[in-house]
Amino acid sequence: MASEPVLDSLVAREFIASPNHGERRGYGRPDSVILHYTGMPTGAEALAWLCNPGSEVSAHYFVWEDGRVLQLVPEDRRAWHAGRSVWKGENDLNSASIGIEIVNPGHESLAPFPAGQIEGVIALLRDIGARHEIAPERVLAHSDVAPARKIDPGEHFPWATLWRAGLGHWVAPAQITGAALYRRGQEGPPIRALQALLALYGYGVDLTGVYDAQTQAVVAAFQRHFRPERVDGGADASTIATLRALLAGLDNK
């Protein structure tokens with residue numbers, strides 16, 4: 001008889017086992033946490049989908065609106081939450097990370113993330129970070145690692161609240177003072193320099209020197225996480241200054 005799964009986190013209330021997982025490939029332990037929103041009308045529907053073998057998706061943890069945390073997949077297993085993804089040159093983020101699904105219907109409703117829910121996320125991140133020594137800059141959005149495909153948890157997720165609780169990497173965004181300096185279709189050394197800065201931070205972007213669809217998607221993902229006031233995929237002075245400040249913060253660690 002199979003043994004009952006054991007909770008890895010004391011923050012989790014219950015283990016609702018998803019069958020959708022496998023072996024971590026080449027990673028002894030996770031080095032990242034990826035945050036998602038469920039993007040479905042109700043949490044119950046999302047939980048059922050994550051535990052449905054036909055969906056082929058899952059996450060390690062699931063956070064209800066009131067902050068209650070469930071565990072779905074053991075942390076030593078590879079949950080199927082990131083999909084095609086890249087960060088810092090790693091292209092198997094499922095093997096490298098712990099995935100957290102946060103109940104929220106997504107961009108179509110623009111429903112806020114309740115304070116109690118964010119408290120639950122904070123408690124869970126603290127616990128995971130302490131046990132796995134997750135670096136602040138490795139607390140990522142799904143949109144960070146898959147910018148061409150995903151926009152969750154979105155520009156309305158309170159990353160600054162996490163940072164004030166000592167979690168994640170953040171700087172106060174530079175003030176928006178004008179239109180984009182660089183946009184889709186432009187090319188040249190300044191575009192390549194921008195791509196190099198984004199890649200240095202961790203984003204998967206090729207250094208083509210052309211402001212192509214990939215670059216636009218990556219800039220929009222960066223804005224969703226770090227400069228959420230205006231998400232348009234255009235590289236304005238505020239976006240570039242915020243990116244430089246984040247990189248400077250890494251240099252000073």
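Colleague: Which element gives the most to the lining of the largest pocket?
Modeller: That is α1, with three residues. Keep in mind that this is a predicted model.

Colleague: What is the volume of that pocket?
Modeller: The largest pocket has a volume of about 420 Å³.

Colleague: How many residues line the largest pocket, and which lie nearest its centre?
Modeller: The lining has 23 residues. Nearest the centre are Y37, T38, E101, H142 and K150.

Colleague: How do the lining residues divide into nonpolar, polar and charged?
Modeller: Nine are nonpolar and nine are polar. Five are charged.

Colleague: You listed E101. Where does E101 point from β7, and which residues point the other way?
Modeller: E101 points one way from β7, along with S97 and G99. I98, I100 and I102 point the other way.

Colleague: Are those β7 residues buried or exposed?
Modeller: Buried, on both sides. Strand β7 spans residues 97-102, and six of its six residues are buried. That makes β7 mostly covered.

Colleague: What is the strand order in the sheet?
Modeller: The order is β1-β5-β4-β7-β3-β8. It is an open sheet of six strands, and the pairing is mixed.

Colleague: Which are the edge strands?
Modeller: β1 (14-15) and β8 (139-141). Each pairs on one side only.

Colleague: How do strands of a sheet pair at all?
Modeller: Through backbone hydrogen bonds, either parallel or antiparallel.

Colleague: Back to β7. How many bridges pair β3 with β7?
Modeller: Six, in the parallel sense. One of the partners is E101 in β7, bridged to H36.

Colleague: And how many bridges pair β4 with β7?
Modeller: Three, and they also run in the parallel sense. Here V63 has I102 of β7 as its bridge partner.

Colleague: New topic, aromatics. How many aromatic pairs does a search of the whole structure find?
Modeller: The search finds 10 aromatic pairs. Take Y201 and F226. Their ring centres are 5.6 Å apart and their planes are at 85°, so the pair is edge-to-face.

Colleague: Where do Y201 and F226 sit in the chain?
Modeller: Y201 is in helix α6 and F226 is in helix α7 (residues 213-226). They are 25 residues apart, and the pair links distant parts of the chain.

Colleague: Buried or exposed, Y201 and F226?
Modeller: Both are buried. There is also an edge-to-face pair formed by Y203 and F222. That one is 6.2 Å centre to centre, with 70° between the planes.

Colleague: Which parts does the pair of Y203 and F222 tie together?
Modeller: Y203 lies in the loop between α6 and α7, and F222 in helix α7, so the pair ties together parts that are 19 residues apart in sequence. Y203 and F222 are both buried.

Colleague: Which residues do ring pairs link into a cluster?
Modeller: The cluster holds W87, W170, Y201, Y203, F222 and F226.

Colleague: Now the backbone. Which peptide bond is cis?
Modeller: The bond from D152 to P153 is cis, with omega near 0°. P153 sits in the loop between α4 (142-145) and α5 (159-164).

Colleague: What is the phi of E56?
Modeller: Positive, about 55°, although E56 is not a glycine. E56 is in the loop between α1 (43-50) and β4 (61-63). Its relative accessibility is 56%, so E56 counts as exposed.

Colleague: And what about the phi of K88?
Modeller: K88 has a positive phi of about 55°, and K88 is not a glycine either. It is found in the loop between β6 (77-79) and α2 (93-96). K88 has 44% relative accessibility, so it counts as partly exposed.

Key: Residues are numbered from 1 along each chain as its sequence is written. This is a predicted model: local features need pLDDT of at least 70, side-chain atom pairs count only at pLDDT 80 or more; totals for chains, interfaces and linings use all residues. Side-chain values use heavy atoms; hydrogens and water are left out. Helices (H or I, at least four residues) and strands (E, at least two) are DSSP runs, numbered from the N terminus. Buried means under 20% relative accessible area, exposed over 50%, partly exposed in between (1.4 Å probe, protein chains only). On a 1 Å grid over the protein atoms alone, a cavity is a set of points where a 1.4 Å probe fits but cannot get out, and a pocket is an open set with protein on both sides within 12 Å along at least five of seven lines; lining residues have an atom within 4 Å of a point. Grid points are joined across faces, edges and corners, and a volume is the space filled by probe spheres set on the points. Ala, Val, Leu, Ile, Met, Phe, Trp, Tyr, Cys and Pro count as nonpolar, Asp, Glu, Lys and Arg as charged, and the others, Gly among them, as polar. Rings of Phe, Tyr and Trp (its six-membered ring) pair if their centres lie within 6.5 Å; planes under 30 degrees apart count as stacked, over 60 as edge-to-face and the rest as tilted. Two strands pair if DSSP finds at least two bridges between them.
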